[in-house]
Amino acid sequence: MADVKVMTEFNLSCPVPRVADDRIVLAHGGGGRLTHQLIEKIFMPAFGNPMLEQRHDGAVLPLEGVGMKTGSRLAFTTDSFVVRPLIFPGGNIGDLAIHGTVNDLAMCGARPLYLSAGFILEEGLAMDTLRTVVASMQQSAAKAGVQLVTGDTKVVDKGKGDGIFVNTSGIGLIEANVKQTIGPSSVQVGDAVIVSGDLGRHGIAILSVREGLEFESPILSDTASVWPAVEALLNAGIEIHCLRDLTRGGLATTLNEIASDRNICIKLEETLIPVQETVQSACEILGLDPLYVANEGRFAVFVPAAQVDAALEVMRKVPVSQESVRVGRVEETPGRTVVLQSRIGGNRVVDMLSGEQLPRIC
Amino acid sequence: MKFLSEYRDQKAADQLAQQIWKKVTRPWTVMEICGGQTHTIVKCGLEDLLPRDITLVHGPGCPVCVTPIDLIDKAVAIARRPEVIFCSFGDMLRVPGSSKSLFDAKAEGADVRIVYSPLDALKLAKSNPDRQVVFFAVGFETTAPANAMAAWQADHDQVENFSQLVSHVLVPPAMEALLSSESCVVQGFLAAGHVCTVMGYEEYFPIAERYRVPIVVTGFEPLDILEGIFMTVSQLEECRHEVENQYVRATRREGNRPAQERITEVFEVVNRQWRGLGEIPASGFQLRGRFQKYDANRRYPSSAEPARESLECISGLILQGIKKPHECPAFAVKCTPENPLGAPMVSSEGACAAYYHYGRRQSHDRIQPELSGTPSR
């Protein structure tokens, strides 16, 4: 800190060319003056809060005022974000990095409180891109009610990264009155499966940019914090058995994990599964199945059959989950299977994918 | 959704299924030619709706499945050259060659890219003048016009750093090869709708006549396929063997003439090796005349060691409809999509992959549609 002040006050006129400040250079990760500038000019204005402003190696977090009582528990999670392109229709890697971790906490039934952010930047990255990403991180964090309390930045050689990689870790609070365990172990035969909205928008939005596909109406990513929906369910006293966000691998992969974990059958009805028409069309053209396409603002919730209507009523009042629908139910047999009753009436197994979906020839 | 939802309507499907139940009096074996049709049949569980007397066998119409293994080896060898950007449709990437797939080559550093159109590969060549762009031109008649157009356009724009590794195959000669085999079990065909959209269906009349076999040009949606089956079974029950067109909304008898003209200008018919089936006379395309300068086979002479097929894979029998995927001893045991022994386990259009993904791992009981007046069976 002190060093920096001295340097600027002296205003040395050195013949060495000034470092351009429109691109990331290796020295931005060197721990010296440029690192400092990056923190002060880009990160602090966006995320500044008393804990971050301690400028310490870690954050010391107050627990009073966040609802910590006997019986309440902490949830802790981490996630890394790599996405190409960095900025896509409906969002960018910054939104994703906040929402991804916030949603992971929400899926534990935890109110997201504090996040860390670790940036790995590639030499040559346009500073404007970083600003855009940081600005949306700031906005989505504010909207989700979380504070970014500690962070780190590294810069790698050009060609050794993909612009920006971000890791975020998060701490959330499970309130003392949330007694039940929320997770696959609580899923029971007879439970209803609800999804919080239409599927496949994020994956197709990314693909459309990556592959230069143009649709008449652009498909926007669904990236969003789903905590408000979970909070509403908890406040309404709905007995939540399991919550899962439908990110990589989509609904099909998530349900397969639960079915195989619990040795149960999850039976879906194709006609109930919500997919936007533009997304469905894009999937038809590319030979992809929207059940496997990634979402960034959608989750599945397992509730007792008797509480489906109540749960849907609550969820539909929250913007992020206003199009919630029941898509299926949990049955006993055949175990470890997800079965889909097709529109036509036949049944098929919805399997785990081996590798990524690949567009087919014709 | 327009042009889709109306062909996926449950009520209409039940009615068609009911008509099929009424029509059928004895066992019939019908082959759907195209892998896209196989996919729909298995994905929608159509066999659940059909009487047990109808056996659907899955034909060789999966371009990924029939591309010979030595060509995959060649593709891998070309892709590994440092100057090459190798472009392919997505589902060719995972197909195993003798020892490697294109995905393996990509993981080892080869510049392998997925494109959605051969013209995208041509664009890539124009924007990378210091690299060689090679496009893996596989497929049936359906993809031939676009591939022909890419070569034509390259010639027109004088793009030198573009070439195609051509492995084009044709449906009618393969049908004849199947029908003339002594082990042929097929009594009627659902011809591939999109192949006929390009080529028309005049060339099927002599086949229907010579082998006395009904051929119904059929689409790809569940209702198309049920109607195609109904039309085929009706012919069989009535001892007819005609060429009929179920897919009237997309296919005309003469096909797409401008597309055919472009194909004939760029390609000539040659004998082709089919993976699993062997060589079939006059069953493929290669670049002709002035377009041969875009032939990657000529640009990169082969130096590969002889190709090795898995001894356990029975894909040949499966592509001929003699065996069903789950009748293969290796199916879902040694051969899985993660570790495929043969190509039909790889492509989304491959019969083995369709059976694996959609849970057809053993025979299923048929569910008769619950409609009044359905004859019990």
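Me: How far apart do the C-alpha centres of domain 1 of chain B and domain 2 of chain B lie?
Reply: This is a predicted model, where local features need pLDDT of at least 70, side-chain atom pairs count only at pLDDT 80 or more, and totals for chains, interfaces and linings use all residues. Residues are numbered from 1 along each chain as its sequence is written, with chains lettered from A and ligands numbered from 1 in the order in which they are written. Chain B has domain 1 (1-307) and domain 2 (315-357), bounds that come from an automatic or database domain assignment. Their C-alpha centres lie apart by 18 Å.

Me: Which element gives the largest share of the side of domain 1 of chain B that touches domain 2 of chain B?
Reply: The contact (C-beta atoms, placed from the backbone, within 7 Å) takes 26 residues from domain 1 of chain B and 17 residues from domain 2 of chain B. Helices are DSSP runs of H or I, at least four residues, and strands are runs of E, at least two, numbered from the N terminus. On the domain 1 side, H2 (35-43), E2 (54-61) and H3 (63-66) of chain B each supply at least two residues. The largest share, five residues, comes from H2(B).

Me: What distance separates the end C-alpha atoms of helix H4 of chain A?
Reply: H4(A) covers residues 127-144, 18 residues. The expected span is 1.5 Å times one less than the number of residues.

Me: Which residue just after H4(A) takes a positive phi?
Reply: The phi is about 70°. The residue is Gly145(A).

Terms used
Two residues are in contact if their C-beta atoms, placed from the backbone, lie within 7 Å.
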